[in-house]
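Take a moment with the sequence and the fold. We will walk through a few places and see what each one shows.

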Amino acid sequence: MSNYQEVLLQAQSLTPEEQIRLIEELSSLIRQQVTMIPKQKHSILELRGLGKEIWNGIDAQEYINQERDSWNA
């Protein structure tokens, strides 16, 4: 039997109040571990080229002119 299964069986034998307390303490342990893991920093440059296929075949100046015309309509 795996450790997980053994712990699960033990947890099932606890009273509901004890199970809630166990969940709270396990949650606290996990939160502490997660906050200790440094978050990877990203650069705005990673977004370069994202979505460029949307603009294929579209003239940038013509698009700008159409947008400006729509403001005045």
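Is D69 buried or exposed? The model here is a predicted one. In it, D69 has a relative accessible area of 52%. Exposed means over 50%, so D69 counts as exposed. Find D69 in helix α3, which covers residues 60-72. Now look back along the chain to I44. D69 and I44 are 25 residues apart in the chain. Their C-alpha atoms are separated by 31 Å.

Next, go to helix α2, made of residues 16-36. L29 sits in this helix. Together with L22, L26, I30 and V34, L29 makes a nonpolar surface patch. The patch covers about 430 Å².

Last, turn to the aromatic rings. How many aromatic pairs are there? The count comes to one. The pair is formed by W55 and Y63. Their ring centres are 5.1 Å apart. The angle between the planes is 80 degrees. Planes over 60 degrees apart count as edge-to-face, so that is the name for this pair. What about the exposure of the two residues? W55 is partly exposed, at a relative accessible area of 45%. Y63 is partly exposed too, with a value of 32%.

Terms used. Residues numbered from 1 in each chain as written. Predicted model: local features only at pLDDT ≥ 70, side-chain atom pairs only at ≥ 80, totals over all residues. Heavy atoms only, no water. Patch = residues over 30% accessible without salt bridge, like charges linked within 9 Å, V, L, I, M, F, W, Y side chains within 5 Å. Areas by Shrake-Rupley, 256 points an atom, 1.4 Å probe, with all protein chains shown as cover. Salt bridge = Lys/Arg side-chain N within 4 Å of Asp/Glu carboxyl O. Helix = DSSP H or I, 4+ residues; strand = E, 2+ residues; numbered from the N terminus. Buried < 20%, exposed > 50% of the residue type's maximum accessible area, 1.4 Å probe, protein only. Phe/Tyr/Trp six-rings, centres within 6.5 Å; stacked < 30°, edge-to-face > 60°.
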